[in-house]
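Subject: Structure handover

Hello,

Please find the structure below, followed by notes on what was found in it.

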Amino acid sequence: MANPASYRPRTGEIPVNPGVYRFRDPHGRVIYVGKAKNLRSRLNSYFANPAGLPAKTYAMVHAASSVEWTVVGSELESLQLEFTWIKEFKPRFNVVFRDDKTYPYLAVTLSEKYPRVQVLRGDKRKGTRYFGPYTAGAIRETMDTLLRVFPVRSCSAGVFKRAEASGRPCLLGYIDKCSAPCVGRISPQDHRALAEDFCAFMGGEAKRFTAKLEKQMQAAVAELDYEHAARLRDDITALRKVFERNAVVLAEETDADIFALHEDELEAAVQVFHVRGGRIRGQRGWVVEKVEDFSTPDLVEHLLQQVYGEDGDTHGRLPREVLVPVEPSNAGDLAEWLAGIRGAKVDIRVPQRGDKAALMSTVRENAEHALRLHKTRRAGDLTVRSQALQELQEALDLPVALLRIECYDVSHVQGTNVVASMVVVEDGLPKKSDYRKFAITGPAASDDTAAMHDVLTRRFRYYLQDKTAQVTEAALAPAAVPAPAAGEEAAGEEAAGTEHAPETTTTVDDSTTPAPRSKFAYPPNLVVVDGGKPQVNAAARALADLGVDDVYVVGLAKRLEEVWLPDSDFPVILPRTSQGLYLLQRIRDEAHRFAITFHRQKRGKAMTVSALDAVPGLGAAKRKALLAHFGSVKAIKAATAAELTGANGVGPALAGAIMAHFAAGGTEAPDLPAINMTTGEILET
């Protein structure tokens with residue numbers, strides 16, 4: 001028996017979306033299929049305390065050797081996909097579904113003179129429309145709700161004949177949940193039209209009926225018939241709740257393979273759902289390395305060639321439709337080739353709207369999660385991290401091991417609200433407690449190279465100041481009590497910044513006061529800048545100006561993913577499959593994300609700034625009192641000191657400060673000290 005801990009997925013790898021999961025044994029056979037509203041919560045329950053599980057579940061998790069999952073859009077989709085896969089794989093531990101019944105369907109018997117709505121199980125009958133499957137409780141509630149709006153006959157043949165003979169309808173006819181065709185309240189033609197509307201609603205035309213009810217409700221309100229309007233409002237709410245769009249089940253005649261992909265510069269994750277008879281009969285996924293510089297249409301073309309050409313298992317015969325995210329290159333020739341394999345026409349299409357486009361969205365979501373999971377696992381693999389650092393050191397011909405890497409990125413919109421970010425990677429893993437933000441003002445904000453020079457100057461100026469302070473402190477300290485090493489303090493920070501901790505960052509500003517120890521005391525072995533030759537030379541110049549000669553600098557240019565060295569006429573080209581290039585990309589993307597986030601925050605604050613914000617001693621309450629008293633900032637500027645004191649809470653001293661502020665033409669807020677958001681410590685004054 002397998003140990004569940006040997007194949008337990010990491011908590012962070014499991015999505016919190018609804019979905020369906022499958023346990024497989026060592027032979028690859030599916031032994032259990034389950035659904036969950038929250039995949040992470042459900043799967044963790046199997047591994048948290050296996051000894052406390054029920055006997056059947058305990059046996060299942062020990063018989064399995066792997067677990068996989070598929071993300072869907074809603075709980076209803078997970079129910080239907082679970083049902084399909086239980087029928088497909090017949091897992092031996094799904095005993096709850098092994099009785100002589102199946103899931104119930106909502107059926108409409110269109111073959112009868114007076115169509116009937118009912119709940120059916122088992123084999124499907126000719127001339128009957130089926131919708132579902134549903135759980136037993138959900139289908140009764142759904143049917144009861146829909147009969148309020150579509151009062152189709154739901155009684156048995158015996159009840160119908162007795163009502164027809166007596167001339168009196170059954171109870172449902174009296175409470176308006178049946179149109180009572182048994183006593184002639186509605187003609188056979190109108191009743192059939194009502195049943196067809198019921199089927200149309202269940203088939204996906206919800207908007208048409210809800211729009212019709214909304215118009216009726218508005219008309220009732222206009223006529224002051226609020227009681228009728230309230231009933232219509234309740235009907236609309238009920239219909240919207242009932243009609244949860246189903247992206248898993250398509251029309252029964254649908255046979256299609258639905259492909260979606262999610263890609264970055266180096267890799268692409270591909271997912272395909274095999275739909276046969278309107279049901280998902282299988283799912284497959286790949287993560288492929290983009291060895292060649294393929295466009296997305298080229299990638300789709302090669303994907304279809306591999307799946308239907310070299311790979312013989314296409315989960316049944318080739319379908320009538322192949323749905324793809326973008327039209328492949330040479331689509332006409334490719335369709336002709338697929339038609340030759342199938343022996344009949346094959347349509348290659350890009351779904352734009354409707355059920356197929358919705359299902360494509362679900363497949364794409366699975367592809368995005370698959371690539372994210374692949375990257376997370378690869379980044380967390382110690383062997384892969386070591387390989388990446390080794391490859392990078394050898395490719396850049398560096399004499400030192402890359403224990404710490406810092407990456408910098410500048411973000412702005414047309415030169416406004418210029419900011420920069422610093423992200424840190426130690427031993428190939430991000431150290432979020434050492435992330436830093438920089439606000440850039442003055443001449444340094446004029447262009448990217450000046451901003452990069454300014455940021456590197458500020459960062460390493462604090463490093464040199466702290467280094468000098470430590471040397472001085474060590475010289476003055478008693479020999480019996482050695483000063484703590486910077487590396488020890490840095491290790492303490494690292495312990496505080498775990499994978500699950502929020503990003504603790506510092507906004508850095510110019511100051512002549514040295515930063516507290518350990519904030520910038522630990523220098524990197526390698527500095528990576530987001531950009532090409534100009535940015536790299538600016539960063540190298542900043543280090544040279546400070547006399548820092550033990551830190552190496554490179555730049556990663558995004559267009560061709562080329563690595564630039566200072567004063568080099570040609571870039572270093574790393575192989576597309578290089579783990580070192582992947583590491584540089586990941587660091588660069590993280591720095592870009594962090595800078596963009598800070599830029600948006602700064603831009604948002606700038607959009608709500610007030611001319612009163614920078615007045616010393618004027619808080620939010622007094623600003624509000626001044627605006628309430630005078631009505632506008634313009635009136636406050638024009639007021640005298642005596643008039644200002646008329647506002648609630650404004651004394652002579654504060655009135656003088658306000659007048660002095662406007663007399664000096666000051667409208668900007670003063671520079672604020674940098675604060676460690678975790679400890680509240682003021683880092684600079």
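**Confidence**

The protein has a mean pLDDT of 77, and 79% of its residues reach 70 or more; pLDDT is the predictor's confidence in each residue, from 0 to 100. This is a predicted model, in which local features need pLDDT of at least 70 and side-chain atom pairs count only at pLDDT 80 or more, while totals for chains, interfaces and linings use all residues. Residues are numbered from 1 along each chain as its sequence is written, and side-chain values use heavy atoms, with hydrogens and water left out.

Confidence is highest in strand S1 (residues 19-24), at a mean of 93, and lowest in helix H15 (residues 486-496), at 33. Helices (H or I, at least four residues) and strands (E, at least two) are DSSP runs, numbered from the N terminus. Two stretches have pLDDT under 50 throughout: residues 311-316, with 13 contacts beyond four places in sequence, and residues 479-506, with 43 such contacts. Contact means heavy atoms within 4.5 Å.

**Sheet S2-S1-S3**

Three strands form an open sheet in the order S2-S1-S3, with antiparallel pairing; two strands pair if DSSP finds at least two bridges between them. Strands S2 (30-36) and S3 (66-71) are at the edges with a single partner strand each, so one side of each has no neighbour in the sheet. Ignoring direction, neighbouring strands of this sheet are turned by 20° against each other on average. Helix H1 (residues 39-47) packs on the sheet and touches S1, S2 and S3, its direction making about 25° with that of S1. Axes are lines fitted to C-alpha atoms, for helices over the stretch in contact, and angles run from 0 to 180 degrees between N-to-C directions.

The antiparallel pairing of S1 and S2 covers 6 bridges. Tyrosine 21 has glycine 34 in S2 as its bridge partner.

A salt bridge joins glutamate 68 and arginine 24, with the closest N and O atoms 3.0 Å apart. Glutamate 68 is in strand S3 and arginine 24 in strand S1, so the pair links distant parts of the chain, 44 residues apart. The structure holds 22 salt bridges (a side-chain nitrogen of Lys or Arg within 4 Å of a carboxyl oxygen of Asp or Glu).

**Sheet S5-S4-S6**

Another open sheet of 3 strands has the order S5-S4-S6, again with antiparallel pairing. Its edge strands are S5 (117-120) and S6 (128-131); each has a single partner strand, so one side of each is left without a neighbour in the sheet. From one strand to the next, the twist averages 35°. Strand S4 (residues 105-109) pairs with S6 over 4 bridges in the antiparallel sense, and alanine 107 has tyrosine 130 in S6 as its bridge partner. Helix H7 (residues 188-202) lies across S4, S5 and S6 and runs at about 150° to S4.

Regards
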